[in-house]
Amino acid sequence: MGSSAGAFRASCLAQKDPVSAITELAYRYSETDFTLDASPQGVTRAAEQLLTQILPHDHMQQVLNNERFKVHFITALCSGAVAKESKLHQGAGLTKSLINNALGRQRLTQQYQRVVFSTSKQALKYQEASVFSTEYVDLTEQNFHQALLASGAIPMVMLGIKDIPGAPAGMYRDGGIIDYHFDFKIESEGLTLYPHFNSRPKAGWFDKNLKRTANPNNYDSTVMLVPSQEFVSGLPFSKIPDRTDFEKIDTSTRIRYWHNVFEQTERLAESFSNAVNKPETAIIKDLPF
């Protein structure tokens with residue numbers, strides 16, 4: 001299950017060679033150069049090209065037909081000003097969202113509906129306090145790329161994806177608007193594994209700069225796989241690469257920096273492998289929220 005970049009990673013996990021798929025995604029994305037055209041049109045074209053490279057038809061079929069891993073791409077169906085493409089309208093709509101969210105996450109339901117594109121015949125079962133309207137849509141060859149692109153269509157940065165085949169009509173944008181890090185309780189008898197970049201998940205995109213965290217009760221059965229602060233502090237610039245690097249760092253420096261981090265994160269893979277194969281060495285802590 002994933003929204004935004006998490007949906008892209010989910011599409012890699014469900015391929016026959018997930019390690020090769022996620023490696024190709026990481027390196028191809030890191031080497032994308034937006035300096036020639038950083039407009040929403042240019043960024044969208046680059047994202048479309050990335051998708052065709054990492055998910056050609058046969059790889060898409062691997063995801064659609066995977067019997068073990070069923071993927072769920074989460075998107076946000078927008079209404080009102082945030083459904084418009086003009087930056088003026090989007091800016092006004094996002095400002096309204098920011099205010100609504102500060103007053104209460106429930107108020108975002110006025111502007112957004114959750115739409116989940118899934119290869120599973122069974123809908124995700126979960127409980128949440130905000131109760132966003134949720135629609136479930138089958139992932140098919142006809143809507144796969146559009147649904148995945150929509151899940152990462154960041155407002156103001158990329159174009160939205162309109163009228164996805166098989167889904168309710170309208171404008172779709174980044175699923176992280178609603179489900180940035182998830183704030184609902186998955187109904188399952190087992191545990192939920194959540195690889196993440198920090199140990200304090202935020203419910204939605206507009207919570208990033210708020211002290212509000214996800215409801216801890218929703219994480220009772222969740223195991224988070226998180227790099228330590230010591231590991232992050234040891235990375236170049238003492239941080240995990242992020243989208244703002246495209247704006248703040250020149251292209252050659254950024255690519256070297258990101259590739260360096262890719263190499264260093266092999267230590268995380270080795271650490272996780274050791275924890276799985278030698279449970280007595282695992283470092284397990286209570287969630288800090």
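Is S4 buried or exposed? S4 is buried, at a relative accessible area of 18%, where buried stands for under 20% relative accessible area, exposed for over 50%, and partly exposed for what lies in between (1.4 Å probe, protein chains only).

Good morning, colleagues. The structure above is a predicted model, in which local features need pLDDT of at least 70 and side-chain atom pairs count only at pLDDT 80 or more, while totals for chains, interfaces and linings use all residues. Residues are numbered from 1 along each chain as its sequence is written, and side-chain values use heavy atoms, with hydrogens and water left out.

Let me stay with S4 for a moment. This residue sits in the loop between strand 1 (2-3) and helix 1 (5-13). Helices (H or I, at least four residues) and strands (E, at least two) are DSSP runs, numbered from the N terminus. The phi of S4 is near 55 degrees, a positive value in a residue other than glycine. Most residues other than glycine have a negative phi. V131 also has a positive phi near 55 degrees; it belongs to the loop between strand 4 (126-127) and strand 5 (134-138). V131, however, counts as exposed, with 54% relative accessibility.

I turn now to strand 2. Seven of its seven residues are buried, so strand 2 is largely enclosed by the rest of the structure. H72, I74, A76 and C78 lie on one side, and F73, T75 and L77 on the other; both faces are covered.

Which strands pair with strand 2? Strands pair if DSSP finds at least two bridges between them. Strand 1 runs parallel to strand 2 and is joined to it by two bridges, with S3 opposite I74. Strand 3 runs antiparallel to strand 2, with seven bridges, and here L77 stands opposite Q113. Strand 7 is also antiparallel to strand 2, over four bridges; M171 in strand 7 is the bridge partner of C78.

Another pairing involves strand 9 (residues 192-195) and strand 10, which are parallel over four bridges. In strand 10 (residues 222-225), T222 and M224 form a covered face, whereas V223 and L225 form an uncovered one. L225 is the bridge partner of P195.

Next, helix 5. This helix, residues 87-103, reaches 24 Å from its first C-alpha to its last, close to the 24 Å expected for its 17 residues; the expected span is 1.5 Å times one less than the number of residues. Its buried residues include Q90, G93, L94 and S97. After helix 5 comes G104, with a positive phi near 160 degrees.

What of the interior? A nonpolar core is a set of buried Ala, Val, Leu, Ile, Met, Phe, Trp, Tyr and Cys residues joined through side-chain atoms within 4.5 Å. The largest one has 44 residues, of which F73, F117, L139, F144, L148 and Y172 touch the most other members. Helix 3 gives the largest share of this core, six residues. F117 touches, among others, F73, L139, I164 and Y172, not counting residues up to four places away in sequence. A second, separate core of twelve residues includes A76, L108, Y112 and I177.

I close with the aromatic rings. Rings of Phe, Tyr and Trp (its six-membered ring) pair if their centres lie within 6.5 Å; planes under 30 degrees apart count as stacked, over 60 as edge-to-face and the rest as tilted. The whole structure holds 14 aromatic pairs. One of them, Y219 with F289, is edge-to-face, at 5.4 Å centre to centre and 80 degrees between the planes. Y219 lies in the loop between strand 9 and strand 10 and F289 in the segment after helix 10 (266-277), so the pair ties together parts that are 70 residues apart in sequence. Y219 is buried, at 5% relative accessibility. Y219 and F289 also belong to one aromatic cluster with Y126, F182, F184 and Y194.

Notes
Contact = heavy atoms within 4.5 Å.
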